[in-house]
Amino acid sequence: MVCLRLMELSLREKNKRISDKDITVGMACDAFIEMKEKEILKNRVSPSTVRAYKSIRKNLISDIEDIKVLKITDKILQNWIDSVDEEHSPKICKNAYSFVRASLSEVLPKST
């Protein structure tokens, strides 16, 4: 089952309920950014890091943002990063991929 910790935090204030199967990549990225914004106050994350996450979210995630997290595969991520690679530097590709993987790791079930 998907861990809804992040989604519950971000959606609780908006009085919305969401089921595990409905969480999308975009929602996971938004929740991850929200979590990191709170860490700025504790000096754990730089504001420039969060700005970079927001830029990646706004400009590079649109191709995969509506895919359900439970349906995402390595092949889908590879095709997405290949399309990003066509127009962006290796550093941007690495940062975008790392951001998406970190976002997904917060909501996907932990393998034991």
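**Exercise 1.** Does S103 count as buried or exposed, and at what relative accessibility?

Solution. The model is predicted: local features need pLDDT of at least 70, side-chain atom pairs count only at pLDDT 80 or more, and totals for chains, interfaces and linings use all residues. Residues are numbered from 1 along each chain as its sequence is written, and side-chain values use heavy atoms, with hydrogens and water left out.

- Step 1: buried means under 20% relative accessible area, exposed over 50%, and partly exposed in between (1.4 Å probe, protein chains only).
- Step 2: S103 has 0% relative accessibility, so S103 counts as buried.
- Step 3: S103 is placed in helix 5; helices are DSSP runs of H or I with at least four residues, numbered from the N terminus.
- Step 4: apart from neighbours within four places in sequence, S103 contacts A28, C29 and F32, where contact means heavy atoms within 4.5 Å.

**Exercise 2.** Find which residues of helix 3 are buried, and where they lie around its axis.

Solution.

- Step 1: helix 3 has 14 residues, and its first and last C-alpha atoms are 20 Å apart, close to the expected 20 Å. The expected span is 1.5 Å times one less than the number of residues.
- Step 2: V50, Y53, I56, R57 and L60 are the buried residues of helix 3.
- Step 3: viewed down the axis of helix 3, these buried residues fall within an arc of 135°, so they line one face. The arc is taken from the directions from the helix axis to the C-beta atoms.
- Step 4: an α-helix has 3.6 residues a turn, so residues three or four places apart point the same way.
- Step 5: the exposed residues R51 and K58 are on the face turned away from the buried side of helix 3.
- Step 6: the cover over the buried residues of helix 3 includes helix 2 (25-40), helix 4 and helix 5.

**Exercise 3.** Classify the ring pair of Y53 and F99.

Solution.

- Step 1: rings of Phe, Tyr and Trp (its six-membered ring) pair if their centres lie within 6.5 Å; planes under 30 degrees apart count as stacked, over 60 as edge-to-face and the rest as tilted.
- Step 2: this rule gives three aromatic pairs.
- Step 3: the ring centres of Y53 and F99 are 5.0 Å apart and the planes are at 20°, so the pair is stacked.
- Step 4: Y53 lies in helix 3 and F99 in helix 5, so the pair ties together parts 46 residues apart in sequence.
- Step 5: both Y53 and F99 are buried, and F32, Y53 and F99 form one aromatic cluster.

How values were computed. Helix = DSSP H or I, 4+ residues; strand = E, 2+ residues; numbered from the N terminus.
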